[in-house]
Amino acid sequence: MSLSRASLMGGGILLTLFLSHLIWGSVSIPWLEGLMGEVNISQDHMTILFDVRLPRALIALSTGMGLSCCGLMLQTWLGNPLAGPSVLGVTSGAGMGVALVVLAGVGSVWWGTTLAAFVGSTLTLAMVFGVSHRFRGMASLLIFGLMLNYVLGALITVLQSEADPDSLQQFVFWGMGTFGQATFNVSIILFFVILVCMLIVWKMRKDLDIWTLGPLTAKSMGVNELTLRRQVVLLTGMMTGLLTAICGPVAFLGLATPHVVKLLFGGRSHRELIPLTAITGGILALLADWGVKGVFFMDSGWPLNAVLSLIGGPMVVWVLIKNSKMSAA
Amino acid sequence: MSSKCTPLTFSKLSFGYDSQRPILQGLNGAFGEKGIHLIIGKNGVGKSTMLRVLAGLMEPLEGVVKIGDQPIQCMSQVERAQQISFVHSLPPKTSELSVAEVLALVSEDEEKNRGALRSFGEVDWWNQSLHTLSDGQAQRVMFTRVMLQNTEWTILDEPTAFLDVPSKMAFWKELGIASVNGKGFIIATHDYAELSEHVNLASVHLIDESHWMEIDLASNPRLWHRQMG
């Protein structure tokens with residue numbers, strides 16, 4: 001499938017899903033009758049649209065696009081198909097930042113947790129990249145990320161045991177992950193920040209392509225390793241940090257989306273991968289949020305991370321099987 | 001095109017992974033002319049490390065490498081990639097890019113790219129992804145890539161290890177043509193005896209634990225390995 005056709009189709013699905021989240025929800029709003037002039041759309045309905053549904057859909061969209069692009073960048077940079085922000089401890093790093101702010105009671109204004117999450121994720125990723133050259137092979141670095149997850153998780157548990165009940169409750173709720181906790185203003189700001197980050201990723205597409213040929217070849221072709229690494233660390237730290245602060249630690253999106261794209265579209269160069277990953281990530285996040293809202297199962301939905309893990313877990317197993325077949329061939 | 005190459009020189013060069021124990025130190029030398037220069041030596045004496053330092057991919061512990069009178073350490077990555085290119089002994093099989101996409105990274109003229117790839121042997125895998133190719137096929141893509149990168153100097157680390165015989169012949173023939181056209185190649189290889197019969201060499205240097213010495217091209221190549229000690 002050509003890039004333009006795939007983007008057009010994906011964009012169409014994305015837009016439809018986005019609108020579906022605005023139109024339907026737990027409160028039914030009589031849009032059609034309103035448009036026909038039979039009933040008036042009340043002020044309350046407009047409040048639901050602009051203060052609940054639009055922010056939630058925007059946050060889901062931003063998270064899907066942003067985390068998926070982070071996953072793509074990390075997989076390319078490390079040459080490792082199982083890399084992703086939640087695998088490498090980046091999400092936990094952000095969580096650590098949030099835990100310090102929320103549980104230590106430093107204050108819980110949204111920009112405070114956001115800044116802490118950004119610092120936490122960037123530092124963690126810098127650490128992962130700092131040690132990555134010491135590991136040979138794909139497994140060791142992933143195990144390092146896993147251990148980092150455990151250690152950060154343990155530290156967070158220690159903080160939790162010391163925290164007062166109110167902030168503990170707030171933190172546990174945050175940990176389940178949700179797209180539904182942002183105000184209109186926050187969602188708009190976040191959406192534009194993610195868009196700007198993705199434009200920067202788009203500008204890096206040629207360097208990322210060259211990087212797939214391996215560090216030595218890439219450097220001999222004119223890629224500046226240090227600059228590219230800094231860009232990947234800062235952009236991933238920024239996007240993962242911001243999104244994690246607002247949505248909680250969101251599992252699997254970053255890891256799984258690039259594989260869905262490669263499977264569906266066979267995209268290989270970053271000129272194709274970046275837009276398709278963003279679109280597909282947005283679609284997956286909006287789909288998952290339908291699972292959270294509970295349309296598939298009629299009664300009330302499931303926590304976001306439960307839905308994503310149920311989709312993402314089998315996905316990773318599938319990637320592992322596919323890769324072992326490839327190396328056996 | 002100029003018939004002379006800008007010389008690639010190095011002085012007081014020490015390199016290795018540990019500043020306390022450099023692999024080799026205090027090397028001086030020059031590759032003054034266009035053509036094919038071989039570096040020979042036993043496994044593990046530091047040929048690959050030296051080539052990476054010469055290509056500017058690794059910082060030397062001491063000393064400088066220059067093209068003309070410009071130290072390569074002072075160039076930006078992009079400037080350096082216009083003057084000197086590098087082919088690794090292992091072709092990059094991790095990339096999912098297609099052959100066409102890899103070559104498009106260095107040259108956007110698809111007809112020219114196809115022609116360049118064909119000069120290293122016939123191909124029917126133009127749209128195939130690099131990680132589905134054999135090592136030899138992927139290495140031919142890398143040769144084409146450096147030819148299109150069109151630098152005055154190209155450094156190759158045991159480039160022919162995975163090639164079948166026809167591909168090897170095509171490779172050396174292309175290098176011969178390019179060197180007549182003013183390009184310089186510095187190549188680490190173990191195929192020197194066979195090579196010296198088919199290819200015009202500009203120089204051969206031997207590297208061992210303590211030496212960097214030029215070998216007399218008039219001597220018998222079958223005996224060169226004796227000098228490795």
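Buried means under 20% relative accessible area, exposed over 50% and partly exposed in between, with a 1.4 Å probe and protein chains only. The model is predicted: local features need pLDDT of at least 70, side-chain atom pairs count only at pLDDT 80 or more, and totals for chains, interfaces and linings use all residues. Residues are numbered from 1 along each chain as its sequence is written, chains are lettered from A and ligands numbered from 1 in the order in which they are written, and side-chain values use heavy atoms, with hydrogens and water left out.

**View 1**
B:Phe31 is buried, at a relative accessible area of 0%. B:Phe10 counts as buried too, at 3% relative accessibility. Rings of Phe, Tyr and Trp (its six-membered ring) pair if their centres lie within 6.5 Å; planes under 30 degrees apart are stacked, over 60 edge-to-face, and the rest tilted. Over all chains, the structure holds 12 aromatic pairs. One of them is the tilted pair of B:Phe10 and B:Phe31, 6.2 Å centre to centre with 45 degrees between the planes. B:Phe10 lies in strand 1 (residues 8-15) of chain B and B:Phe31 in strand 2 (residues 24-31) of chain B, so the pair ties together parts 21 residues apart in sequence. Strands (E, at least two residues) and helices (H or I, at least four) are DSSP runs, numbered from the N terminus. B:Phe10 also pairs edge-to-face with B:Trp212, because the centres are 5.6 Å apart and the planes at 70 degrees. B:Trp212 belongs to strand 10 (residues 212-215) of chain B, so this pair ties together parts 202 residues apart in sequence. B:Phe10, B:Phe31, B:Trp153 and B:Trp212 form one aromatic cluster.

B:His205 is found in strand 9 (residues 201-207) of chain B. At 6% relative accessibility, B:His205 counts as buried. Contact means heavy atoms within 4.5 Å. Leaving aside neighbours within four places in sequence, the contacts of B:His205 include B:Phe31 and B:Trp212.

**View 1. Strand pairing in chain B.**
Two strands pair if DSSP finds at least two bridges between them. An open sheet of four strands in chain B has the order 2-1-4-5, with antiparallel pairing. Strands 2 and 5 (70-71) of chain B stand at the edges, each with a single partner strand, so one side of each lacks a neighbour in the sheet. Strand 4 (residues 62-67) of chain B is joined to strand 5 of chain B by two bridges. There, B:Ile67 has B:Gln70 as its bridge partner. Elsewhere, strand 6 of chain B pairs with strand 7 (residues 153-157) of chain B in the parallel sense, over four bridges. B:Phe86 is bridged to B:Ile155 in strand 7 of chain B. Strand 6 (residues 84-87) of chain B is covered on both faces: B:Ile84 and B:Phe86 on one side, B:Ser85 and B:Val87 on the other, are all buried.

**View 2. Helix 3 of chain A.**
Helix 3 (residues 43-78) of chain A is mostly covered, with 28 of its 36 residues buried. A kink of about 30 degrees lies at A:Arg53, shortly before the proline A:Pro55. The bend at a residue is the angle between axes fitted to the seven residues ending there and the seven starting there. Just after helix 3 of chain A, A:Gly79 takes a positive phi of about 60 degrees.

**View 3. Charges over tryptophan rings in chain A.**
A charge sits over a ring if NZ of Lys or CZ of Arg is within 6 Å of the ring centre and within 35 degrees of the ring normal. The charged end of A:Arg205 sits over the ring of A:Trp202, 4.1 Å from its centre. A:Lys293 lies over the face of A:Trp290, 4.9 Å from the ring centre.
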